[in-house]
Amino acid sequence: MYDTASQEVRPVELREPGRVSMYVCGPTVYGDPHVGHGRFTVTWDVIRRYLEWSGLEVRYVSNITDIDDKIIARANEEGVGTDDVVKRYERVWWDTMGRLGVSAPNEEPHATRWIAEMVDLIAGLVDSGAAYVGGDGVYFASATVADYGLLAHQPLDSLRAGARVAVGEEAGKRSPTDFVLWKFAKAGEPSWPSPWGAGRPGWHTECVVMSLGLLGDGFDLHGGGSDLAFPHHENERAQAVAAGRVFARHWVHSGMVVTDGGEKMSKSLGNTLSLPELAARWDPRAFRLLVLGAHYRSPMTVSPTTLAASLEAVRGLDAFARRFAPAREVAPDAGALEAFRAAMDDDLDTPRAVAGVHGLVREANRGGPAADALAAAAIELLEVALGLPLARPDQVPAEVAALVDERAAARAARDWARSDALRDELSAMGWVVEDAADGAKLHRRDDA
């Protein structure tokens with residue numbers, strides 16, 4: 001995979017053979033997730049599923065930021081406690097991710113449960129001279145890390161030149177590239193005790209403590225959206241380096257979501273799309289297939305046009321899975337599995353992998369002695385390796401089966417009017433009949 005630090009595609013060399021440790025920055029729970037959140041969580045869910053399908057043991061950690069300026073602002077705006085905001089939007093997060101088929105992480109650490117460990121880390125950084133007490137908090141001195149700016153691919157002097165001068169908040173910084181580790185509390189804000197005064201941790205400190213605490217030094221993969229590479233991930237890395245810890249071995253970042261016109265979607269631009277709304281209006285599998293259709297490092301366009309095309313593709317795959325339902329019991333074609341693995345192992349090339357699966361679908365639909373094995377491979381790869389569940393044969397109620405039999409008799413008698421009337425009656429009941437050379441196929445209507 002491509003490594004953001006080295007700027008090259010290189011092998012993911014595991015700390016422990018056969019075991020993968022991965023940490024992904026999770027949500028700050030103060031509002032509904034948007035499609036950008038959906039993209040990186042689906043991307044990492046696919047990485048995890050593929051690794052597990054490949055026979056590796058995966059330990060996946062993704063955090064919840066449950067104390068933050070934005071959470072406090074939302075609580076003040078609504079006149080409720082921060083806990084109320086956190087509980088509400090964390091529930092929205094997991095409900096939405098569940099609809100997208102994202103499996104829960106093995107660990108979901110909450111920042112407020114790791115405060116003591118964060119205070120210990122900050123104290124060590126202060127003692128070593130890597131951090132200092134400013135007017136409104138405790139700050140990390142970026143100049144104490146020789147290669148600060150590694151993930152931004154810019155030297156410290158360049159970053160300083162481009163940084164804004166702090167005013168108001170973070171006015172205690174000595175350098176524009178320094179960042180806050182501990183914020184002193186304002187009146188009425190949630191706070192915890194520390195040697196420097198009551199306050200709360202800075203955002204960049206949370207993930208250092210939780211990732212190393214749960215996965216240990218030198219864990220394998222650290223990831224998130226590309227907007228997190230700098231400053232968030234750089235500032236995590238800097239603290240670990242200054243503390244003498246070995247941090248992530250490989251950095252992976254997914255690309256942005258853009259509009260039809262190519263403009264990046266972001267909350268600051270006001271052009272984001274609510275993920276719960278998308279999951280309610282569209283089959284969530286259409287979004288997952290859309291994510292798979294774009295290389296994880298490339299921009300991805302989400303619009304009614306792209307979602308409609310993806311939904312049409314999902315419906316075609318459903319029809320294929322229904323037709324080849326018995327193939328689920330057949331050994332999948334080994335060559336097809338290897339071709340898929342070759343694409344995925346090449347920097348997670350899901351567009352090539354999915355195109356290969358569509359090729360299997362076409363080959364299987366042509367028939368022949370290998371059709372069932374090819375179909376079995378396509379279904380396994382989509383459902384298990386990529387996490388895209390497909391339709392299965394529906395249990396048909398007796399009254400529906402009776403109408404299907406009656407329609408078959410009408411067609412045999414060439415009573416086309418009666419056949420069409422029965423088709424309409426079945427459609428009104430939520431069922432679709434598809435006539436084929438080898439007999440009629442029945443399945444539930446997609447919107448039923």
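Is cysteine 25 buried or exposed? Cysteine 25 is buried, with a relative accessible area of 3%; buried means under 20% relative accessible area, exposed over 50%, and partly exposed in between, with a 1.4 Å probe and protein chains only. The model is predicted, so local features need pLDDT of at least 70 and side-chain atom pairs count only at pLDDT 80 or more, while totals for chains, interfaces and linings use all residues. Residues are numbered from 1 along each chain as its sequence is written, and side-chain values use heavy atoms, with hydrogens and water left out.

**Cysteines**

A search of the whole structure finds 0 disulfides, a disulfide being a pair of cysteine sulfur atoms within 2.5 Å. The cysteine sulfur closest to that of cysteine 25 belongs to cysteine 207, and at 3.7 Å it is too far for a bond. Cysteine 207 is likewise in no disulfide. With 1% relative accessibility, cysteine 207 counts as buried.

**Helix α4**

Helices (H or I, at least four residues) and strands (E, at least two) are DSSP runs, numbered from the N terminus. Helix α4 covers residues 115-128, and its 14 residues reach 20 Å from first C-alpha to last, close to the 20 Å expected at 1.5 Å a residue; the expected span is 1.5 Å times one less than the number of residues. Its buried residues are Ile115, Met118, Val119, Leu121, Ile122 and Leu125. Seen down the axis of α4, the buried residues fall within an arc of 160 degrees, so they line one face of the helix; the arc is that of the directions from the helix axis to the C-beta atoms. On the other side of α4, Ala116, Asp120, Asp127 and Ser128 are exposed. The buried residues pack against β5, β6, β7, β8, α6 and α7, where contact means heavy atoms within 4.5 Å. Just after α4, glycine 129 takes a positive phi of about 90 degrees.

**Nonpolar cores**

A nonpolar core is a set of buried Ala, Val, Leu, Ile, Met, Phe, Trp, Tyr and Cys residues joined through side-chain atoms within 4.5 Å. The largest has 67 residues, of which Met22, Phe287, Val302 and Phe340 touch the most other members. Another core, of 40 residues, lies apart from it and includes Cys25, Val61, Val138 and Tyr148.

**Aromatic rings**

The whole structure holds 12 aromatic pairs. Rings of Phe, Tyr and Trp (its six-membered ring) pair if their centres lie within 6.5 Å; planes under 30 degrees apart count as stacked, over 60 as edge-to-face and the rest as tilted. Two of the tilted pairs are tabulated here.

| Pair | Centre to centre | Angle between planes |
|---|---|---|
| Phenylalanine 247 and tryptophan 251 | 5.8 Å | 50 degrees |
| Phenylalanine 320 and phenylalanine 324 | 5.0 Å | 40 degrees |

Phenylalanine 247 is buried at 6% relative accessibility, and tryptophan 251 is buried at 3%. Tyr23, Phe219, Phe247 and Trp251 form one aromatic cluster. Phenylalanine 320 and phenylalanine 324 are buried as well.

**Backbone details**

The peptide bond from phenylalanine 230 to proline 231 is cis, with omega near 10 degrees, and proline 231 lies in helix α7 (residues 229-242). Aspartate 347, in the loop between α11 and α12, has a positive phi near 55 degrees although it is not glycine. Aspartate 347 is buried at 4% relative accessibility. Arginine 414, in the loop between α14 and α15, has a positive phi of about 60 degrees and is exposed, with a relative accessible area of 60%.
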